[in-house]
Amino acid sequence: MKNMEAARRGRRGRQGGGLLLVVLAALLLLLLALARGASAWAHGGLAGGAGERRYMDLAMRRMESVRSSFVARRELATSTAASSSRVYHVTDYGADPTGGADATAAINSAIADAFRRPSNATMTGGIPDLGGAEIHLDGGSYLLKGPLSLPASGGGNLKIHSGSLRAADDFPTDRYLIELSAKAAGGGGGSSPAMSYYYEYVTLRDLMLDCNYRGGGVRVVDSLRVGVDNCYVVHFATDGVAVSGGHETFVRNTFLGQHMTTGGDPGERSFTGTGIRLDGNDNSVSDVVVFSAATGIMVTGGANAISGVHCYNKATGFGGAGIYLKVPGLTQTWITNCYMDYTGIVAEDPVLLHVSGSFFLGDANVVLKAVNGVARGVQIVGNLFNGRGKGVDIVELDGEFATVEQVYVAQNAATGMTVRSTTARAAAEGNGSSWTVDFSPVLLFPDRIGHVQYSLAAGDAFPGHALRNVSGNRVVIATDAAVSATVHVLVDQNSS
């Protein structure tokens, strides 16, 4: 915008310089006419008066001709500059920036104009390239009785930014303030029928979205590389941001909450809705705060990355979940550097799940929920847990798992909670021929030890010894003679 304004000032400066040249030329013509008129008077008396008027009229006609030509060129240049601009100010379409009147039709008109493609350039799969068009909200606050819907024809390389949108009291409860959905807009086909993508590289930035408890904030359907950046989404009844299908929607630097609160809200038990819903693959949520909702982030698609998220939406003790991974059998999700504040992570039948570098406060933990009883390729490592001394496990099982492969829960630290792990080491000492080491208070899965390694230190004695029994997460080492010895044992619940 600054470059555009500078260009406009430059054009105005050049136009002003051209006007000065016209004036100087006209003055020269006028002086020439006066000089010639004076000469004619000196030589011809009264006849010179007619000559003077003739030269004066000629000078005026020439000045008017030059001036008219310049004005026409200036108007043409101004019109061309205006028509070629790809920045659409919604106030130019009659949108009320005070929020006093419904602005839905006006803003949708601006969006429709922005979707008039400037060239035949295309993006992925033939999606029209809109050339970097901008829908500028001019810092206003706009009332919406219906959603802002991107046209079903599809398009990409577009930005909507810099303002506030508020749902009216009669806004549809099943819609969203901003919808990137060709089907919702009345379309059935799309710009890329083979892949069913409709929008690409659409950026929603610097927006305040107040859903007024009437539906949701943003809905992204069958879209590519959409950015929701530096937004504040509040008072949603359904979802703050909902992603369905498509690839690579990035939600970052954004705040979401059903209610305006900073925690400890007396109505927290009744919180509903979901901050972010990811029903698709290859998306990213980073540097986001969900401060009130029943569920912070609901994931129902695979291959999603979540990092730098602070969830204190609804406490686990009240039935809330910070991050819920409802992708049983193919999770493919990594969660890093997050702050789970009294609300935890739930993963159904986790397969390929990574959780690391995160902080869990107030008995928040990780729950592995059995659906078909499969846990495979799970890493929960290097996290910190701070509880309230109630004996809550840092990692908890909900149901029985029959298949457990490559599950690593280790190197976590906790205070006020019970540490659970898939690997453990312990020692037993005494005088006798049998030593039992009980790992059941530490190991995550019941009655499952896949690997045992032990050593026996008996001073000067050299008894024969062997691993006699592994059951109930207990290890029994026996010797062929009674000795005074110490047994050190390392176990792993994975078989290899």
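Me: What percentage of the accessible surface of the protein chain belongs to carbon and sulfur atoms?
Reply: The model is a predicted one. Its protein chain has an accessible surface of about 22500 Å². The part of this surface that belongs to carbon and sulfur atoms is 53%.

Me: How many helices and how many strands does the protein chain have, and what percentage of its residues count as buried?
Reply: The secondary structure comprises three helices and 34 strands. The chain has 496 residues, and the percentage that count as buried is 46%.

Me: Among contacts with a separation of 6 or more, what percentage comes from residues 24 or more positions apart?
Reply: The contacts considered here are those in the protein chain with a separation of 6 or more. Residues 24 or more positions apart account for a share of 65%.

Me: Which residues have the most contacts inside the largest nonpolar core?
Reply: The largest nonpolar core has 83 residues. Apart from this core lies another, of 16 residues, with A424, L456, V483 and V489 among them. Inside the largest core, the residues with the most contacts are I107, L158, L165, I178, I276 and I323.

Me: Which residues does I276 touch, leaving aside those up to four places away in sequence?
Reply: I276 is one of the residues with the most contacts inside the largest nonpolar core. Beyond four places in sequence, I276 touches V241, V251, L256, V285, V288, G296, I297 and M298.

Me: Against which strands do the buried residues of helix α3 pack?
Reply: Helix α3 spans residues 104-114, and its buried residues are T104, A106, I107, A110, I111, D113 and A114. One of these, I107, is also listed for its contacts in the largest nonpolar core. The strands against which the buried residues of α3 pack are β1 (87-89), β2, β3, β4 (148-149) and β5.

Me: Is N157 buried or exposed?
Reply: N157 lies in strand β5, residues 155-167. Its side chain is joined to that of D129 by a polar contact of 3.1 Å. Residues that N157 touches include M123, L130, E200 and Y201. Because its relative accessible area is 19%, under the 20% cut-off, N157 counts as buried.

Me: How far apart in space are D138 and H161, C-alpha to C-alpha?
Reply: In sequence, D138 and H161 are 23 residues apart. In space, their C-alpha to C-alpha distance is 8.4 Å.

Me: Which residue in the turn between β33 and β34 has a positive phi?
Reply: Strands β33 (residues 465-471) and β34 (residues 474-492) pair in the antiparallel sense over six bridges. In this pairing, H465 stands opposite T479 in β34. The two strands form a hairpin with two residues between them, and the turn residue with a positive phi, of about 60 degrees, is G472.

Terms used: Residues are numbered from 1 along each chain as its sequence is written. This is a predicted model: local features need pLDDT of at least 70, side-chain atom pairs count only at pLDDT 80 or more; totals for chains, interfaces and linings use all residues. Side-chain values use heavy atoms; hydrogens and water are left out. Helices (H or I, at least four residues) and strands (E, at least two) are DSSP runs, numbered from the N terminus. Buried means under 20% relative accessible area, exposed over 50%, partly exposed in between (1.4 Å probe, protein chains only). Contact means heavy atoms within 4.5 Å. Accessible areas come from the Shrake-Rupley method with a 1.4 Å probe; for residues, only the protein chains shown count as cover. A polar contact is a pair of N or O atoms within 3.5 Å; within protein, one must be able to donate a hydrogen and the other to accept it, and residues adjacent in sequence count only if both atoms are side-chain atoms. A nonpolar core is a set of buried Ala, Val, Leu, Ile, Met, Phe, Trp, Tyr and Cys residues joined through side-chain atoms within 4.5 Å. Two strands pair if DSSP finds at least two bridges between them.
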